[in-house]
Amino acid sequence: MKEVREYRFEDNGAIPNNPTLPLLVYPQALSESDLDPSRCKDLLAENGWGGAWVDGVFPYHHYHSTSHEVLCVVGGSASITFGGPQGETIEVSTGDTVVIPAGVGHCNEGSDGGFSVIGAYPREQENYDLRTGEEGERPEVLENIRNAALPQSDPLLGEEGPLLQRWAE
């Protein structure tokens, strides 16, 4: 696997982001066979990530305060802004994987027609919430983000993957 990239985002007043955990981008981390949606879902489930779905990414800024999320790009490419409107836009394409900590905003700014991801959540966090930074969400979401348990394993590489080390530091 190529080097995992880390991104950190500050609370912008609407999108809280995560005060301690970085967003992780695994460039070209999926093998050819893992691009098959059922195989990708199986891989995630084997590593303790469930509630898997196949779709795109919403074209508006949103986040989940009660769960972390993994996005495995199984088709096409997209420009996704993470961290809220003033965050960082990252180009993702087939084979890339992004692990989004609870609270970190994400928005599809544009994608090709074939863009598709497998999304999933750590076990016990499959009942995620969908937040958009509206007034009145705080302080509940800040508490939820603090209480979102760390995953038991990396979504792609299990207990040997970089997630546990990167999020423990």
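Arg 8 is exposed, with a relative accessible area of 52%. That comes from a predicted model. Exposed here means over 50%, so Arg 8 falls in that class with its 52%.

Who is its partner? The side chain of Arg 8 meets that of Glu 6 in a salt bridge, 3.9 Å from N to O. Glu 6 is partly exposed, at 31%. The pair belongs to a network of salt bridges that links Glu 3, Glu 6, Arg 8 and Arg 166.

Why pair at all? Side chains of opposite charge can pair when their charged atoms come close.

Next pair. Glu 143 forms a salt bridge with Arg 146, and their closest N and O atoms are 2.8 Å apart. Both sit in helix α2, residues 140-147. They are three residues apart, so about one helical turn separates them. Glu 143 is partly exposed at 38%, and Arg 146 is exposed at 57%.

One more. Arg 39 bridges to Glu 46, with the closest N and O atoms 3.4 Å apart. Arg 39 is partly exposed at 28%. Glu 46 is exposed at 56%.

How many salt bridges does the whole structure hold? The search finds nine. The protein has 10 positive and 28 negative side chains. The centres of those two sets lie 3 Å apart.

Now the overall fold. The protein has three helices and nine strands. From the N terminus, the order is β-β-α-β-β-β-β-β-β-β-α-α. Of its 169 residues, 53% count as buried. A compact globule with 169 residues would have a radius of gyration near 15 Å, and the protein has 15 Å, so the two agree.

Note on methods
Residues numbered from 1 in each chain as written. Predicted model: local features only at pLDDT ≥ 70, side-chain atom pairs only at ≥ 80, totals over all residues. Heavy atoms only, no water. Helix = DSSP H or I, 4+ residues; strand = E, 2+ residues; numbered from the N terminus. Rg over C-alpha atoms; globule rule 2.2 N^0.38 Å. Buried < 20%, exposed > 50% of the residue type's maximum accessible area, 1.4 Å probe, protein only. Lys, Arg positive; Asp, Glu negative; His and termini not counted. Charge placed at Lys NZ, Arg CZ, Asp CG, Glu CD. Salt bridge = Lys/Arg side-chain N within 4 Å of Asp/Glu carboxyl O.
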